[in-house]
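Please read the points below alongside the coordinates.

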Amino acid sequence: MAAHRPGPLKQQNKAHKGGRHRGRGSAQRDGKGRLALKTLSKKVRKELSRVDQRHRASQLRKQKKEAVLAEKRQLGGKDGPPHQVLVVPLHSRICLPGAMQLLQDRDTGTVHLNELGNTQSFMLLCPRLKHRWFFTSARPGDLHTVLDMAKVADTILFLLDPLEGWDSTGDYCLSCLFAQGLPTYTLAVQGISGLPLKKQIDARKKLSKAVEKRFPHDKLLLLDTQQEAGMLLRQLANQKQQHLVFRDRRAYLFAHAVDFAPSEENNLVGTLKISGYVRGQTMNVNRLLHIVGHGDFQMKQIDAPGDPFPLNPRGIKPQKDPDMAMEICATDTVDDMEEGLKVLMRADPDRQESLQAEVIPDPMEGEQTWPTEEELSEAKDFLKESSKVVKKVPKGTSSYQAEWILDGGSQSGGEGDEYEYDDMEHEDFMEEESQDESGEEEEEECETMTVGESVHDDLYDEKVDEEAEAKMLEKYKQERLEEMFPDEVDTPRDVAARIRFQKYRGLKSFRTSPWDPKENLPQDYARIFQFQNFTNTRKSIFKEIEEKEVEGAEVGWYVTLHVSEVPVSVVECFRQGAPLIAFSLLPHEQKMSVLNMVVRRDPGNTEPVKAKEELIFHCGFRRFRASPLFSQHTAADKHKLQRFLTADMALVVTVYAPITFPPASVLLFKQKSNGMHSLIATGHLMSVDPDRMVIKRVVLSGHPFKIFTKMAVVRYMFFNREDVLWFKPVELRTKWGRRGHIKEPLGTHGHMKCSFDGKLKSQDTVLMNLYKRVFPKWTYDPYVPEPVPWVKSTTSASTKGTFSEKNINYKVSLCCPVAHLWFTTGSNS
C-alpha cells in the first residue's frame, strides 16, 4: 500500500519561536545567508562619540563665522570694493547737502569729491576703521535713478523728517524699492535737534511708531552733529549685509569714470571705456555686457589701472638727500604708469559670445513641393469616397459636424415653418429701449460744485484734457462691463458669425480637452529661442557659477572695460548726471524669448490697464518697454486671457523680451500723458516658456424664446441659418448651470431648437463658449525715455476730499452712473 504524500497546497503552520531565548545558531539557520535591508540600501555611517560630535559642531560653527567675517572685511576693505552707500531723502524738507557735508568728516579720514553731473558723490577713506565708503545720492522723485542705483548699492541710507517721517513722494519711492528688493538699509533722522527740548521726546516716540509699521525692529539714528555722523559710519561698517540674488550671480560695475573714443567710420558709434570696481562675480571679457537702459554690447579688453582710492597709500620715508628723494618719486611714477597700462584680458573671437538676439527665420523651411496631377486626382477620388460614406446626416452638415450628432433622426423640415416669424418689430422696440436708456444715462450725469469766494473756473478748465477724460471714461466703462459680463460679446449683424469667429473653436472641457502648443504658431515664434528644458539649463548654469573658476577680473579690482560699438548717447546721458551701471550677462541672456511674470496690482493705482497696452518693465537688471498679455495664474496647461489687469488676484504677464534667469523682481509702470511713470503692478519672474498657452474666450449669448420642458427655442445668438449649422457641434451652457446642444435651426433668422439636461427657466441666458489662442505683440524696445520727476498729487481718483490753498476752498465731484466711480480734482493737482 502506497504512503500518502502531501501536495504543494498542504497547509504549513508557523513554527514555534523561542523569542529572546532562541540561540544564535537557530537565528542564522533561519536567515539562510540573507543580508539585512539596512546593509543593502544605506551606507554604514560611522558613529561618532559625543565628544567628537561636539568637536565637529564647533568646527562647522567656526567655519561659518569665519566666512561671515571674511565677507564683512572684504566689503570696504583694502582687498575689496568700496562700501557703496546710496543716500535717499524721503521728505522734501530734508537738506541733502547738509547731510552729505556731515558725512564728509575729514577728521575721520580722507575725502575725495567727485561730481558726476547732477549727482553728488564722494569717496571717504578711513584707515583707522580699515574701511572706505563711496557715498552717492538720489532724490526720490527721480525714480529710475533711485531704482538703478539701488540695484548696485551695498547699503541705502534713508533720511527721515523728525515730524512726518516721509511725504507722499517718499512713500511712493519706498513702495517701488520694497517691490524691487531692498539691500541693507539704515534709517537716520535729520533735524530733530532743531526742535524744542520738550518736543524732541514726543517727536521721537511718534516717529518710532510710524516707522515700525514699514520698518519693524529697526532703530533710528540721528544725523545732526559730527559725532552722530561718526556713529552712523560705524553702524554702516558693522551691520550685516543682505544679498540680492539676481546681482550676486552676475558681475556688475558702477562707473566712476567714463571715456569715449569715436570710431573712424562713424562719429555716432565708438569704444566706451568704463572704469570702476568689479562686484558680485568675476568679470570675464568674453561675456556680453548689459548697460542698464541702453542694451547689450561686447567687450574688447579689460585693463587694470592703479586703484585711484587706495585705503593705505604707499608712504615714502624721508630721505637725507633730496636728490635721492626726487629720484625715488620719479621711479615710483614710472612704475605707476607701467601698472596703468597693464592689460588683464583680451577678447577671444572663438570664445566670445555673439550679440545675436533673434533667430533669422527661413521662409522656405517646412515648405513642400507642388503636388503632381496624379496626386491631385488621387485626392479627388479620396474626397468622393469619403463623401459617399456620409449618407444619413441632415442637409448642410459636414463630416466634421456629423461626428457631433447625438441621434440619427431625420431632418424635420415642417417644424421650422411653425416657428418662423417676423421679429423686426421686436428688434425696433429693443433699439428704442436702448436709445431711451442711453438718453436717461446722459441726463443722469450730474456735476455738483461747492465753490468758495474766489475760484477761477476758467483757469481750472484750461488744464483739463477733454480727449484724455473721454478715453479714460470709456476705459472705465469697458472694465465695468467686463466685470459684470466676463468675455461676453455681441454677435455682429453685418458679418456672419462663422466668418467673424472662424479662428475660434469649441471645447468639451477647458481643463481636460487637448490642445497642441505647437499648433498655428505666429511668424514671431520663428524669431525666438526656446529651451528643451529651461529648469535644467538654469540649474546647470548656476552650478557652473558656484563650482567652476572663471578667468577674468576678480571682485574688488579697479578695472577699465573697453566696450565696442556703443552709441554716443550713452556718454551724453552720463555727462548729464544719469548713473552708468553695467551687468555681465549669463549665457543665453541676450536672446529673445517669451517671459512669464507673476504680478499683483498695486493697491495705490486704480486706473484701468488693458491687455496689449504699452508698459514699462523693470525686470531684474533690465529696463524695457513692451505690450504684454494678462492671463490667469493656474496650474493647468491652458490659461484664460484677462482683458484687464484686475486688482483682486495675481495674474501672469506674458511678453517678448530677452531671456533672464529667475529669481528676478518685476515692476510694471505706465507712462502718463504728462510724462510721469506710475507704478501699476509688482511681482517676480516665473519662467521662460513659449509653450505656455494663453487662451482667449468669447461667450455668445442667446435668450430662450419658447420653452417646452427640456426643449427650448433660442434666439439672438445667431442671425442666419448657416451660422446655426456651423456652430451646431459646440456645447451650450446656461448661467444657471444647465448644459445642452443645438438640435436644428428654425427658419432663416437664426432661431434654433436646443435640448438641455433639465428644465430651462424663462429668465435664464443661454451661452456658447468659443476659444482661441492669443500671442503677445512684438513691441520690445530697450530704450525707456526719462520720466518727469515724480511728485504725488494731493488729489486721488478713489477718494473724495476738500482741498485748501490760501483762501480757496472748494470741492468738485463728478458722478459717473455707468461706471459707479468717483473722480475728484483740485486746483493744486
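1. Contact is taken here to mean heavy atoms within 4.5 Å. The model is a predicted one, and in it S275, not counting residues up to four places away in sequence, touches L253, F254, A255, H256, A257, Y558, V559 and T560.

2. S275 itself belongs to strand β10, which spans residues 269-279. Buried means under 20% relative accessible area, and S275, at 11% relative accessibility, therefore counts as buried. Its side chain is joined to that of T560 by a polar contact of 3.0 Å, and T560 is also among the residues that S275 touches.

3. Turning to the nonpolar packing, the largest core comprises 51 residues, and F158 and F669 are those with the most contacts inside it. Once neighbours within four places in sequence are left aside, F158 is in contact with V88, L90, L174, L177, L182, Y185, T186, L187, A188 and F215. Another core, of 31 residues, lies apart from this one and includes F534, A664, A681 and V688.

4. For the aromatic rings, a search of the whole structure returns 23 pairs. One of these is formed by F158 and F215, a tilted pair with 6.0 Å centre to centre and 45 degrees between the planes. Because F158 lies in strand β5 (residues 155-160) and F215 in the loop between α7 (197-214) and β7 (220-222), the pair ties together parts that are 57 residues apart in sequence.

5. How are the rings of Y656 and W778 placed relative to each other? Their centres are 4.8 Å apart and their planes stand at 35 degrees, so this pair, too, is tilted. Y656 is found in strand β23 (residues 651-658) and W778 in the loop between β31 (766-774) and β32 (803-805), so that distant parts of the chain, 122 residues apart, are linked by the pair. Y656 and W778 are both buried.

Technical notes:
Residues are numbered from 1 along each chain as its sequence is written. This is a predicted model: local features need pLDDT of at least 70, side-chain atom pairs count only at pLDDT 80 or more; totals for chains, interfaces and linings use all residues. Side-chain values use heavy atoms; hydrogens and water are left out. A nonpolar core is a set of buried Ala, Val, Leu, Ile, Met, Phe, Trp, Tyr and Cys residues joined through side-chain atoms within 4.5 Å. Buried means under 20% relative accessible area, exposed over 50%, partly exposed in between (1.4 Å probe, protein chains only). Helices (H or I, at least four residues) and strands (E, at least two) are DSSP runs, numbered from the N terminus. A polar contact is a pair of N or O atoms within 3.5 Å; within protein, one must be able to donate a hydrogen and the other to accept it, and residues adjacent in sequence count only if both atoms are side-chain atoms. Rings of Phe, Tyr and Trp (its six-membered ring) pair if their centres lie within 6.5 Å; planes under 30 degrees apart count as stacked, over 60 as edge-to-face and the rest as tilted.
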